Amino acid sequence: MKKIKKSKVVEQLLPKAYRPVSGWGYFLHALLYSIPVIGWIFMIAHAFADKSRHIRSFAGAYCFMTLIALAGALGAGFYFGWF
């Protein structure tokens, strides 16, 4: 009997929205989102319009984390008188 790889079964049975994302996929998306202007545009586009639920959730979480970091940096800047 022929042995079937688990990933092939997952790719065949699951719709595209529910297929898992590899660790490299998350790494490359995080790298893309780190680019100052272009990455932020991609991050917002993926957060609202990507077909994969996993990438959509990751992009939304990364966007939220970026906003919190920006608010913290602005708060520290005003507190220490840098602005």
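Residues are numbered from 1 along each chain as its sequence is written, and side-chain values use heavy atoms, with hydrogens and water left out. Because the model is predicted, local features need pLDDT of at least 70 and side-chain atom pairs count only at pLDDT 80 or more, while totals for chains, interfaces and linings use all residues.

**Overall form**

The chain holds four helices and zero strands, and its elements run α-α-α-α from the N terminus on. Helices (H or I, at least four residues) and strands (E, at least two) are DSSP runs, numbered from the N terminus. The C-alpha trace spans about 70 × 20 × 15 Å along its principal axes. The radius of gyration of the chain is 18 Å, whereas a compact globule of 83 residues would have one near 12 Å. This radius is taken over C-alpha atoms, and the globule rule is 2.2 Å times the number of residues to the power 0.38.

Of the 83 residues in the chain, 14% are buried. Buried means under 20% relative accessible area, exposed over 50%, and partly exposed in between (1.4 Å probe, protein chains only). The chain exposes about 6,900 Å², of which carbon and sulfur atoms supply 72%; accessible areas come from the Shrake-Rupley method with a 1.4 Å probe, and for residues only the protein chains shown count as cover. Among contacts (heavy atoms within 4.5 Å) with a separation of 6 or more, 44% join residues 24 or more positions apart.

**Helices α2 and α3**

Helix α2 (residues 23–33) and α3 pack at an angle of about 125°, with their axes 7 Å apart. Helix α2 is therefore oblique to α3. Axes are lines fitted to C-alpha atoms, for helices over the stretch in contact, and angles run from 0 to 180 degrees between N-to-C directions. Angles under 35 degrees count as roughly parallel, over 145 as roughly antiparallel, 65 to 115 as roughly perpendicular and the rest as oblique.

In this packing, His-29, Leu-32 and Tyr-33 of α2 meet Gly-39, Trp-40, Phe-42, Met-43 and His-46 of α3. His-46 is found in helix α3 (residues 38–49) and counts as buried because its relative accessibility is 16%. Beyond its neighbours within four places in sequence, His-46 also touches Ile-55, Arg-56 and Ala-59, among others.

Ser-52 lies in the loop between α3 and α4 (53–79). Leaving aside neighbours within four places in sequence, its contacts are Lys-16, Ala-17, Arg-19 and Val-21.

**Aromatic rings**

Rings of Phe, Tyr and Trp (its six-membered ring) pair if their centres lie within 6.5 Å; planes under 30 degrees apart count as stacked, over 60 as edge-to-face and the rest as tilted.

| Pair | Centre to centre | Angle between planes | Type |
|---|---|---|---|
| Phe-78 and Phe-83 | 5.4 Å | 55° | tilted |
| Tyr-79 and Phe-80 | 5.0 Å | 80° | edge-to-face |

Phe-78 counts as exposed at 57% relative accessibility, and Phe-83 counts as exposed at 59%. Tyr-79 is exposed with a relative accessible area of 68%, and Phe-80 is exposed with 53%. Elsewhere, Tyr-26, Tyr-33, Phe-58 and Tyr-62 form one aromatic cluster.
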